[in-house]
Amino acid sequence: MKPEELIAEAREARKLSYSPYSHFAVGAALLCKDGQVFKGANIENGAYPLCMCAERNALYNAYMHGKKTEDFVAMALCADTDEPCSPCGACRQVLSELFPSTAPIYMSNLKGDVKETNIKELLPYAFVLKD
Ligand code: THU
């Protein structure tokens, strides 16, 4: 699957966002080695800290279908931002544990701007719970 196609999936996922509080809809799409794509959108709650980001929903969606870190090829995210939407700190921490460190992450926006990065770049010196 081409990066543009994965980005289009993230844009589609964004339409499933439940974001009545922030009015900031985000979509994410996670590509696996077997070609499957798992989507996520941000789902908010009136108890604000319970809001869940698109990227984590996509990752957890994939995990709940039996996928694991070694199955992941790339992730795309999309929001209506001036610059390509960048993952929040909480998502970076989760990605640093569950997503391959140098696999492409395509940050994008509705205007069609795209920036490619990876979690090693986004969260250097990540916390790891290991001896
Ligand atoms: N949000 C995401 O879904 N992903 C990010 O990386 C940044 C923030 C969501 C959380 C909340 O529902 C809304 O965007 C505003 O912060």
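Me: Where is K67 found?
Reply: K67 lies in the loop between helix 2 (54-63) and strand 3. Helices (H or I, at least four residues) and strands (E, at least two) are DSSP runs, numbered from the N terminus. This is a predicted model: local features need pLDDT of at least 70, side-chain atom pairs count only at pLDDT 80 or more, and totals for chains, interfaces and linings use all residues. Residues are numbered from 1 along each chain as its sequence is written, and side-chain values use heavy atoms, leaving out hydrogens and water.

Me: Why is K67 called buried?
Reply: Buried means under 20% relative accessible area, exposed means over 50%, and partly exposed is in between (1.4 Å probe, protein chains only). K67 has 13%. That is under 20%, so K67 is buried.

Me: What makes the pair K67 and D34 a polar contact?
Reply: The term needs a pair of N or O atoms within 3.5 Å; within protein, one must be able to donate a hydrogen and the other to accept it, and residues adjacent in sequence count only if both atoms are side-chain atoms. The side chains of K67 and D34 make such a contact at 2.6 Å. K67 is also in contact (heavy atoms within 4.5 Å) with C32, Q36, F38, A62 and F72, among residues beyond four places in sequence.

Me: Why does N57 count as partly exposed?
Reply: Its relative accessibility is 22%. N57 belongs to helix 2. Not counting residues up to four places away in sequence, N57 touches K39, G40, A41, I43 and M52. N57 and C91 are 34 residues apart in sequence, and their C-alpha atoms are 9.8 Å apart in space.

Me: Why is strand 1 (residues 26-32) described as largely enclosed?
Reply: Because 7 of its 7 residues are buried, strand 1 is largely enclosed by the rest of the structure. Both faces are covered. V26, A28, L30 and C32 are buried on one side, and G27, A29 and L31 on the other.

Me: How do you know that strand 1 and strand 3 (residues 72-79) pair?
Reply: Pairing requires at least two bridges found by DSSP between two strands. Strand 1 and strand 3 have 7, in the antiparallel sense. One partner pair is A28 with L77.

Me: What joins strand 1 to strand 2 (residues 37-41)?
Reply: There are 5 bridges, and the two strands run antiparallel. A28 stands opposite G40 in strand 2. The two strands form a hairpin with 4 residues between them, and G35 in the turn has a positive phi of about 95 degrees.

Me: Which residues of the largest nonpolar core touch the most other members?
Reply: They are L30, L59, F72, M75, L95, F99 and I105, out of 23 residues in this core. Strand 1, helix 2, strand 3, helix 3 (89-98), strand 4 (105-109) and helix 4 (119-122) each supply at least two of its residues. Such a core is a set of buried Ala, Val, Leu, Ile, Met, Phe, Trp, Tyr and Cys residues joined through side-chain atoms within 4.5 Å. Another core lies apart from it, with 9 residues, among them A10, A29, L31 and A76.

Me: Which residues surround the ligand?
Reply: The residues within 4 Å, heavy atoms counted, include S22, F24, V26, N42, E44 and C88. A ligand oxygen is 2.5 Å from an N or O atom in the side chain of E44. For the side chain of N42, the distance is 2.9 Å. A polar backbone atom of C88 is 2.9 Å from an oxygen atom of the ligand. Taken alone, the ligand exposes 370 Å², and the protein buries 79% of that (Shrake-Rupley method, 1.4 Å probe; for residues, only the protein chains shown count as cover).
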